[in-house]
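Please look over the structure shown here with the briefing below at hand.

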Amino acid sequence: MNIIVCIKQVPETTDVRINPETNTLIRDGVKSIINPFDMYAIEAGVRLKEKMGGRVIVITMGPPQAEAALREAISMGCDDAVLVSDRAFAGSDTWATSYTLSCAIKKCAKEFNGYDVIICGKQASDGDTAQVGPGISTHLDIPQVTYVKKIEEVKDNSVKVERMTEEGFDVISAPLPVLFTVVKEINEPRIPSLKGMMRAKSAKILVWTAKDIDADPKDLGLSGSPTNVVKIFTPPHRTGGQIITGDTSEVTAKTVGLLKDVITG
Amino acid sequence: MNYLLTDEQKMIKELAHKIAEEKIRPVAAQHDKTEEFPWEVIKVIAESDLFGLFIPEEYGGMGVSVMNLCLATEELSRACGGIAVCYAASALGTFPIVLYGNDAQKKKYLPDLAKGKKLAAFGLTEPEAGSDAGSIKTTARKEGNYYILNGTKHFITNGGDAETYSVVAITDKSKGARGASAFIVEKGTKGFTFGKKEDKLGIRASSTMELIFNDCKIPAENLLAKEGMGFIVTMRTFDMSRPGVAAQALGIGQGALELAAKYMRQRKQFDKPISSFQGLQWMIADMATELEAARALIYSCARAVDAGEKDIGAASAMAKMFASDVAFKVCDMALQIHGGYGYMKDYPIEKYLRDAKICQIYEGTNQIQRNIIGLQTIKDLGK
């Protein structure tokens, strides 16, 4: 079974600050990590391989330093790694990114003899869009299941998974190949092993440019991105809210009154 | 300070650090309270290959390196000295087999210990034989192809939870220290049971138990080296393991220093963070400097052991004695910096002081270490 895991290198969000003048992230001195949701995707991929056999190919699109994220993924048990990197990708929105990744996955299919499952984290901690996974499946024209919290059953040509919803979960069957996005409930990512870290250090990382993946230049980067960023701003801090004091009947009466005001406007 | 670690050593440090922060620190207080053995952490350490650091590659390990073992133990101990010793004590129990086991013994026992599938423990101390290890009373009597063990060991770290025990017993009382021999005893052997589990001041995540041998019959092939080699096995084992105890102490001290430095920037008195007071800055300076001196001594000693240096006894004793004395002092100062809060169990620092204390006592009290260092120094320099 060939499993492809798509990951993204992101700034460690606990450290991120925004430059109030330019409205951009201050990335200086901020550590880069694998997007936390993608860690669950890696773990899901490696567990699937351990159960079914096969290989896990991890892909990221990003600048050359994103190689560190790929090596970390190898240390956790991924077998091969692809860095899709080209200046032409700069300024990609989720549409252009998912197009680029879908081209890379098509090339992967040629290099590694097809694919059965593609796994992505549900969203990235920096952009929070949750659009790239579904975008990839659309570009590849394969089924997608988002917010997967459990892979119940995998057969030669189909899967059964649990998909988390606000009310509970759906049980969904899908034919292969299929794309999942996973939520943190699916597993607990492993700590790498020392042997894995050693393998990761010397592993060969494939680096593919726009030309290598046979992508149409007009669909890449800024020119291939229909999204227009109108404004970026830091949302105002929430104020502390209103604290209602008094004995129980007083508090209840006041609360009901306030709620009535809200409902009736 | 840059200790010119190799890439592999940097990885070991990074990996052990990650385990300490993500898997040990969150559960340290709980294990301290309940005294439950931290199997869930041991499993993570096992899967990370760190149990392989004290076992040769041909037996499934990562190659024997005291330096690597020290780096791992130091990092794990930063988060919890009690959980870290469950790991380090397995090294102590394994060294006799690594050093003196024959090929068959190594093949039988080391692969599972390297993978962390089983833990090891070392059984020397007895109720009447602590610092005076020569007075042990447990006997091993040869009968045909077997040895029959009788006696009681106590204060055995990993006792009960380990599967593989290296045990020292007297085979010939008339020969004194040359009458002791070392054996491998498996948990579950008939006649081998466990006594009481100790209720301890610190390192409460680790188990400390009595081993009771009552006509315990073990195959003669479980003898390590030869009859009469028991104390040589023990001394050489301690030479290898003392830097590890030193590293445990260092890690506990380092963890306490980090907690103190963080606390003093948050805690405000007289309208200022207490880190702005010079008196406390000087305390931190002494703590940091002494820990760094301990680290330099431990790493030098560990590297000498790995390089095959023969007369390592005094250096190994110095590392253990100095690092554990420094660690206890540093934990005391770190608690002092926390003031009244530091005395409360709501804060993690009091546990560091309790955990640090044992490092001055086990694997030879620091007074015994001073005996070793003193005698060796006089012998070397007094000619």
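The points that follow are grouped by topic.

This is a predicted model, in which local features need pLDDT of at least 70 and side-chain atom pairs count only at pLDDT 80 or more, while totals for chains, interfaces and linings use all residues. Residues are numbered from 1 along each chain as its sequence is written, and chains are lettered from A and ligands numbered from 1 in the order in which they are written. Helices (H or I, at least four residues) and strands (E, at least two) are DSSP runs, numbered from the N terminus.

**The sheet of chain A**

- Chain A has an open sheet of nine strands in the order 11-10-9-12-8-1-6-7-13, with mixed pairing; two strands are taken to pair if DSSP finds at least two bridges between them.
- Strand 11 (169-175) and strand 13 (205-208) of chain A are at the edges with a single partner strand each, so one side of each has no neighbour in the sheet.
- Direction ignored, neighbouring strands of this sheet are turned by 35 degrees against each other on average.
- Strand 9 (residues 144-154) and strand 10 (residues 158-164) of chain A run antiparallel and are joined by five bridges, and A:Ile151 stands opposite A:Val161 in strand 10 of chain A.

**Helices of chain A**

- Helix 2 (residues 67-75) of chain A lies across strand 1 (2-7), strand 6 (55-61), strand 7 (80-84) and strand 13 of chain A, and runs at about 165 degrees to strand 7 of chain A; axes are lines fitted to C-alpha atoms, for helices over the stretch in contact, and angles run from 0 to 180 degrees between N-to-C directions.
- Helix 3 of chain A lies across strands that include strand 8 (117-121) of chain A, and runs at about 145 degrees to strand 6 of chain A.
- Helix 3 (residues 94-112) and helix 4 (residues 132-140) of chain A pack at an angle of about 55 degrees, with their axes 8 Å apart.
- Helix 3 of chain A and helix 4 of chain A are therefore oblique to each other, given that angles under 35 degrees count as roughly parallel, over 145 as roughly antiparallel, 65 to 115 as roughly perpendicular and the rest as oblique.
- By class, the contact of helix 3 with helix 4 of chain A has seven nonpolar, six polar and no charged residues; Ala, Val, Leu, Ile, Met, Phe, Trp, Tyr, Cys and Pro count as nonpolar, Asp, Glu, Lys and Arg as charged, and the others, Gly among them, as polar.

**Strand 4 of chain B**

- Seven of the seven residues of strand 4 (residues 164-170) of chain B are buried, so this strand is largely enclosed by the rest of the structure; a residue is buried if 20 or more other C-beta atoms, placed from the backbone, lie within 10 Å of its own.
- Strand 4 of chain B pairs with strand 1 (residues 120-123) of chain B in the parallel sense over four bridges, and B:Ser166 is the bridge partner of B:Phe122.
- Strand 4 of chain B also pairs with strand 5 (residues 180-186) of chain B, in the antiparallel sense over seven bridges, and B:Val185 is the bridge partner of B:Tyr165.

**Helix packing in chain B**

- Helix 4 (residues 81-100) and helix 6 (residues 230-266) of chain B pack at an angle of about 160 degrees, with their axes 9 Å apart.
- That angle makes helix 4 of chain B roughly antiparallel to helix 6 of chain B.
- The residues of this contact divide into 12 nonpolar, six polar and one charged.

**Between the chains**

- Nine residues of chain A are in contact with 15 residues of chain B, where contact requires C-beta atoms, placed from the backbone, within 7 Å.
- The side of chain A that touches chain B has five nonpolar, one polar and three charged residues.

How values were computed. Buried ≥ 20, exposed ≤ 12 C-beta atoms within 10 Å, placed from the backbone. Contact = placed C-beta atoms within 7 Å.
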